[in-house]
Amino acid sequence: KLWSEAFPRKLLSELEDGKECIASARLAEIYEGKTFLKCKACNATVQRQASSLQQTEKTQAREDAKESNAGDAEGGQTVEAQTCRSCGASDLRELLVVSAELDDGTSSIRTTFFGKTALELLGLNNLTVDASTAISLKKEFLLGENLLLVLAGKRNSMSGAMEATARHIISRTPTAKDEAEFVKAKL
């Protein structure tokens with residue numbers, strides 16, 4: 001009830017640029033998932049340094065070189081703690097971003113889920129594997145699921161198509177009674 005007092009209830013076809021609303025839709029497709037490093041201080045995206053596998057290989061190469069008294073191993077640069085180029089902070093967080101398609105029968109709309117909302121979409125508490133692996137493992141169980149969400153509409157500047165950002169997942173199982181009352185009021 002608190003959600004419905006804060007946001008109007010709309011169909012996906014009624015979504016407007018820059019406006020937030022509550023919508024009920026079926027998860028029609030999950031396209032991709034990626035993780036980005038974000039600065040906690042200024043929210044800038046931080047370029048990733050070498051992956052942990054590459055870091056492990058470089059560390060091993062340095063240790064091997066020291067043991068053989070050959071000095072630094074070729075390409076064995078020290079990987080320092082990452083910092084934000086915008087503000088210099090070193091307190092970073094990983095942000096999961098998942099792209100999906102929602103459909104309510106009146107429209108189909110590309111929707112982006114960020115951070116905790118993306119984790120909730122996948123039914124995860126935290127991401128312990130690569131995002132694409134998590135999606136491939138969960139996808140068949142999630143497709144066709146009905147969701148009640150708070151969405152923010154956004155017009156794509158390149159294509160002109162309406163898109164959405166999922167702000168909150170209110171329910172993974174909207175009640176049929178609530179849905180019927182909303183549809184009846186629309187008629």
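I began with helix H3 (residues 115-122): 6 of its 8 residues are buried, so the rest of the structure largely encloses it. Buried, in these notes, means under 20% relative accessible area, with exposed over 50% and partly exposed in between (1.4 Å probe, protein chains only). Helices (H or I, at least four residues) and strands (E, at least two) are DSSP runs, numbered from the N terminus.

A reminder to myself: this is a predicted model, where local features need pLDDT of at least 70 and side-chain atom pairs count only at pLDDT 80 or more, while totals for chains, interfaces and linings use all residues. Residues are numbered from 1 along each chain as its sequence is written, and side-chain values use heavy atoms, with hydrogens and water left out.

**Entry: around H3**

Which residues of H3 are buried? I listed Gly-115, Thr-117, Ala-118, Leu-119, Leu-121 and Leu-122. Next I looked up what covers the buried residues of H3, and the cover includes S1, S3, strand S4 (108-114), helix H4 (131-142), S5 and strand S6 (162-171). Contact here means heavy atoms within 4.5 Å. Just after H3, I noted Gly-123 with a positive phi of about 70°.

**Entry: the whole chain**

Stepping back, I counted 5 helices and 6 strands in the protein chain. Along the sequence their pattern reads α-β-β-α-β-β-α-α-β-β-α. The protein chain has 187 residues, and 35% of them count as buried. I also checked contacts with a separation of 6 or more: residues 24 or more positions apart account for 64% of these in the protein chain. The chain exposes about 11800 Å², with carbon and sulfur atoms supplying 47% of that. These accessible areas come from the Shrake-Rupley method with a 1.4 Å probe; for residues, only the protein chains shown count as cover.

**Entry: strand S1 and its partners**

With which strands does S1 pair in the antiparallel sense? Two strands pair if DSSP finds at least two bridges between them. I found 12 bridges between S1 and strand S3 (residues 92-103), in the antiparallel sense; there, Lys-38 has Arg-93 in S3 as its bridge partner. Strand S1 (residues 20-39) also pairs antiparallel with strand S5 (residues 146-155), over 7 bridges. On that side I picked out Ala-23 opposite Leu-149 in S5, and Glu-20 with Ala-152 as its bridge partner.

Strand S2 (residues 45-46) runs antiparallel to S1 and is joined to it by 2 bridges, with Val-46 in S2 as the bridge partner of Leu-37. S1 and S2 form a hairpin with 5 residues between them, and Asn-43 in the turn has a positive phi of about 65°.

**Entry: strands S5 and S6**

S5 is mostly covered, as 7 of its 10 residues are buried. I traced 8 bridges between S5 and S6, again antiparallel. Leu-149 meets Ile-169 in S6 as its bridge partner. These two strands form a hairpin with 6 residues between them; in the turn, Gly-160 has a positive phi of about 80°.

**Entry: Thr-165**

Is Thr-165 buried or exposed? I found this S6 residue buried, with a relative accessible area of 16%. Leaving aside neighbours within four places in sequence, Thr-165 is in contact with Thr-111, Thr-112, Phe-114, Val-150, Leu-151 and Ala-152.
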